[in-house]
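Here is a short briefing on a single chain. Look over the sequence and the model, then read the points below.

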Amino acid sequence: EFVGQSHILAPGRLLRRSIQADQLSSLIFYGPPGTGKTTLARIIANTTQAEFLSINAVLSGVGDIRNCIENARKVRTEHQRRSVLFVDEVHRFNKVQQDFLLPLVESGQLILVAATTEHPGFALSPALRSRCALVELQALEESDLEQLMHRALEVESWSITEEAKQQALRLGAGDARRLLNLLERAGHLRGGTIDVQEVTTA
C-alpha cells in the first residue's frame, strides 16, 4: 500500500526484497518531509521478526539510547533475536549520542533504521554513516499525491471539485503529509464536497 519511491521499492528492488525477506542491514532514510520515511519504518516494524524499538531524537537523550541498547542485549541473550531500532530525526543526535549506537550496530546485534531530512554527509558522524546503507527518498510525483488524495477522500466519504484537486496537488508540492493535512482541514471546514476556496484557506 506504500505510494511512491519506485526507484527503491519497485518489485525486485533490493530494499523491497530485504524488507520482505526480513534481512535488513542498518539503513538511513533521508529526503524531504512527507516522502514516506516514517511510513517505511512502520512497514518494517510490521514485517520484521526482530524486536522493534523506536525513539525520536528530539525527545530522547543518552538515557533512552542506553535503555534501547540494554533491551537489544537482553533480547539477544534471552531470545537469540536481533533488534531493530528506529531513530526518527536522527540528525538531532550529537556525535556522543550517535557514538553510543556504534558497538551494537558494528556487531550486528542491533539493526539501525534512521530517518532524517538532512543530508547524511553533513548531519551524521562518519563512523555511523559508514556502517549504514544510505537510502534517498524523493519528493512525491503528482500522480503519487493524487493516489493518496483519492484514498483519503474515500475514507472520509468526501468529494472534491477538479479545481480544488489541482490546487491541493500544487500546494502539496511533493509532500504527502502537507497534502493530507490540507485535505483534513478543508474537509472539516466544509465537509461533503471540497471546493477550491476551502483548499486555499485551509
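The model is a predicted one.

- Strand β3 covers residues 83–88 and is mostly covered, with six of its six residues buried.
- In a regular strand, side chains alternate between the two faces of the sheet.
- In β3, Ser 83, Leu 85 and Val 87 point one way. Val 84, Phe 86 and Asp 88 point the other way. All of these residues are buried.
- On one pairing, β3 meets strand β2 (residues 51–56) in the parallel sense, over six bridges. Within this pairing, Phe 52 stands opposite Val 84 of β3.
- Between β2 and β3 the chain crosses through helix α4 (residues 62–79), and this β-α-β crossover is right-handed.
- β3 also runs parallel to strand β4 (residues 110–116), and six bridges join the two. Here Asp 88 has Ala 115 of β4 as its bridge partner.
- A right-handed β-α-β unit is made by β3, helix α5 (residues 95–107) and β4.

- Is Ala 114 buried or exposed? Ala 114 counts as buried because its relative accessibility is 1%, and the cut-off for buried is under 20%.
- Leaving aside neighbours within four places in sequence, Ala 114 is in contact with Leu 27, Ile 28, Phe 29, Phe 86, Val 87 and Val 90.
- Ala 114 and Thr 38 are 76 residues apart in sequence. Their C-alpha atoms are 9.0 Å apart in space.

**Lys 37, a buried charge**

- Lys 37 has its place in helix α3 (residues 37–47).
- Lys 37 is buried, yet has no salt bridge.
- Which side chain of opposite charge is nearest to Lys 37? It is Asp 88, at 7.1 Å.
- The side chain of Lys 37 does reach the backbone oxygen of Gly 31, at 3.2 Å.
- Not counting residues up to four places away in sequence, Lys 37 touches Phe 29, Tyr 30, Gly 31, Pro 32, Ala 115, Thr 116, Thr 117 and Leu 137. One of these, Ala 115, is the β4 bridge partner of Asp 88.

**Salt bridges**

- Side chains of opposite charge can pair when their charged atoms come close.
- The count comes to five salt bridges.
- Arg 81 forms a salt bridge with Glu 51, with the closest N and O atoms 3.5 Å apart. Arg 81 lies in the loop between α4 and β3 and Glu 51 in strand β2, so the pair ties together parts 30 residues apart in sequence.
- Arg 81 is partly exposed at 30% relative accessibility. Glu 51 is partly exposed as well, at 29% relative accessible area.
- Glu 106 and Arg 131 form a salt bridge, their closest N and O atoms being 2.6 Å apart. This pair links distant parts of the chain, 25 residues apart: Glu 106 is in helix α5 and Arg 131 in the loop between α7 (126–129) and β5 (133–136).
- Glu 106 is partly exposed at 48% relative accessible area. Arg 131 is partly exposed at 34% relative accessibility.
- Lys 165 and Glu 146 meet in a salt bridge at 2.8 Å, N to O. Lys 165 is in helix α9 (residues 162–172) and Glu 146 in helix α8 (residues 142–156), 19 residues apart.
- Lys 165 counts as buried at 10% relative accessibility, whereas Glu 146 is partly exposed at 24% relative accessible area. Salt bridges that share partners join Glu 146, Glu 162 and Lys 165 into one network.

**Gly 12**

- Gly 12 lies in the loop between α1 (6–9) and α2 (14–21).
- Gly 12 is partly exposed, with a relative accessible area of 48%.
- From Gly 12 to Phe 86 the separation is 74 residues in sequence and 24 Å in space, C-alpha to C-alpha.

Definitions and conventions. Residues are numbered from 1 along each chain as its sequence is written. This is a predicted model: local features need pLDDT of at least 70, side-chain atom pairs count only at pLDDT 80 or more; totals for chains, interfaces and linings use all residues. Side-chain values use heavy atoms; hydrogens and water are left out. Buried means under 20% relative accessible area, exposed over 50%, partly exposed in between (1.4 Å probe, protein chains only). Helices (H or I, at least four residues) and strands (E, at least two) are DSSP runs, numbered from the N terminus. Two strands pair if DSSP finds at least two bridges between them. A crossover is right-handed if, with the strands pointing away from the viewer, the path from the first strand over the helix to the second runs clockwise. Lys and Arg count as positive and Asp and Glu as negative; His and the chain ends are not counted. A salt bridge is a side-chain nitrogen of Lys or Arg within 4 Å of a carboxyl oxygen of Asp or Glu. A polar contact is a pair of N or O atoms within 3.5 Å; within protein, one must be able to donate a hydrogen and the other to accept it, and residues adjacent in sequence count only if both atoms are side-chain atoms. Contact means heavy atoms within 4.5 Å.
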